[in-house]
Amino acid sequence: MEWLLGIGGALLLGVVTNLVYDFAKFGGSRVPLARVRRRSLTAGARAHDVAADGLVPLITWSAARPLTPGTLVTGYEGRLQRPHALDRTGWADEVARQRAAGAAGRTAYIARLTVDHGEHSAARVCEVGIAESDYAECMATTRLGREDPEAGRLLREALGQGLTAFVAVAPPTMVSACVAVRDRAGKLLLLRRSLAVNTFPTQWTIGINETMKYRDEPGAAEDFYALVYRALEEELGLLPEDVGSPVIGWLGWSEPASCYTLVATVRARLDAAEIDRRREACHSTFEHDMAVWLPFTRRAVSALVEGGVCPDGSRRWSYLAPLVAREAWRAAQQERA
């Protein structure tokens, strides 16, 4: 009898310890996700190649070699005057047309990117140089990359030379962050873009998207993490204390948008209802007209990667959805690693 009491006491202590941890980290208890973390996505989802969606990986981080605020070193290089891959495709003329049409706003792109490839434990530093661009330049790069065959060929040719060579000749463009958001219980947020947005209206995204602004003022400079936190506040009304630490897992190039794309995942300390309430009152609520919280299961996430039916019955997924879904799953597997 005493040994039964001992086992019971040990189990109770474990449950209490987990509850204390959950409340400290997430502000409440969570649905156990051990089975979710142990299981892989379906074979079809694992085999999905994001290159078919026009996405080219540049860096992928893992639990063994994560990106953290301490291993990200960011410099700000202002406006650069240098040759780039689209110089001979009429890029400057297209920029002038975009400015004449009213495109404006300070944006940012990656002009330098270095990763320490050493095997020692300290070799995890990622050095990023952020240069200033503007929205007219971003739109010129996007339009030419998408519609001009020669521009597309030149960009693909540069990408084929590798990360360092490509970054050195990439045209002024933008950095777009895709942030997958899970609530306190682990559910995944899906959003439908409204007709009020200029790009990809009525498409479904996994989480939110935001473009980096060029800021180099002391205390206001925007790096990858600051971009994620600003996106959460402007699109969902979430502050840094409302979420756990962002997991940034993927950085690459988007051919459909001709820009750098960053994928992050955050776990909120709030439930879905509270996040919805904040989203409806926040700065950018007009950008979405429908929100759905999806149970975070192997079957559901695999269906997202494989292109299942959207919540409204359509199949209008963003081209980024398979990548972001897979990264959200990978981040969840690392959650308690």
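**Helix contact, loop residues and pockets**

In the predicted model, Leu144, Gly145 and Glu147 of α5 are in contact with Pro149, Ala151, Gly152 and Leu155 of α6. Sorted by class, this contact of α5 with α6 comprises 4 nonpolar, 2 polar and 1 charged residues. Two packed helices are described by the angle between their axes and the distance between the axes. For α5 and α6 (residues 149–159), the axes come within 5 Å and cross at roughly 100°. Angles of 65 to 115 degrees count as roughly perpendicular, and α5 and α6 are therefore roughly perpendicular to each other.

The volume of the largest pocket is about 1,100 Å³. Its lining consists of 43 residues, and those nearest the centre are Tyr135, Met174, Arg193, Thr199 and Thr211. In terms of class, the lining of the largest pocket contains 17 nonpolar, 15 polar and 11 charged residues.

The second largest pocket holds about 540 Å³ of space. It is lined by 30 residues, of which Ser245, Pro246, Val247, Ala331 and Gln334 are the closest to its centre. At least two residues of the lining of the second largest pocket are supplied by each of α1 (2–26), α8, β9 (247–254), β10 and α11. The lining of the second largest pocket divides into 17 nonpolar, 7 polar and 6 charged residues.

Although phenylalanine 200 is not a glycine, its phi is positive, at about 50°. With a relative accessibility of 30%, phenylalanine 200 counts as partly exposed. Threonine 202 is likewise located in the loop between β6 and β7. The phi of threonine 202 is near 70°, again a positive value in a residue other than glycine. Threonine 202 has a relative accessible area of 23% and is partly exposed.

Technical notes. Residues are numbered from 1 along each chain as its sequence is written. This is a predicted model: local features need pLDDT of at least 70, side-chain atom pairs count only at pLDDT 80 or more; totals for chains, interfaces and linings use all residues. Side-chain values use heavy atoms; hydrogens and water are left out. On a 1 Å grid over the protein atoms alone, a cavity is a set of points where a 1.4 Å probe fits but cannot get out, and a pocket is an open set with protein on both sides within 12 Å along at least five of seven lines; lining residues have an atom within 4 Å of a point. Grid points are joined across faces, edges and corners, and a volume is the space filled by probe spheres set on the points. Ala, Val, Leu, Ile, Met, Phe, Trp, Tyr, Cys and Pro count as nonpolar, Asp, Glu, Lys and Arg as charged, and the others, Gly among them, as polar. Helices (H or I, at least four residues) and strands (E, at least two) are DSSP runs, numbered from the N terminus. Buried means under 20% relative accessible area, exposed over 50%, partly exposed in between (1.4 Å probe, protein chains only). Axes are lines fitted to C-alpha atoms, for helices over the stretch in contact, and angles run from 0 to 180 degrees between N-to-C directions. Angles under 35 degrees count as roughly parallel, over 145 as roughly antiparallel, 65 to 115 as roughly perpendicular and the rest as oblique. Contact means heavy atoms within 4.5 Å.
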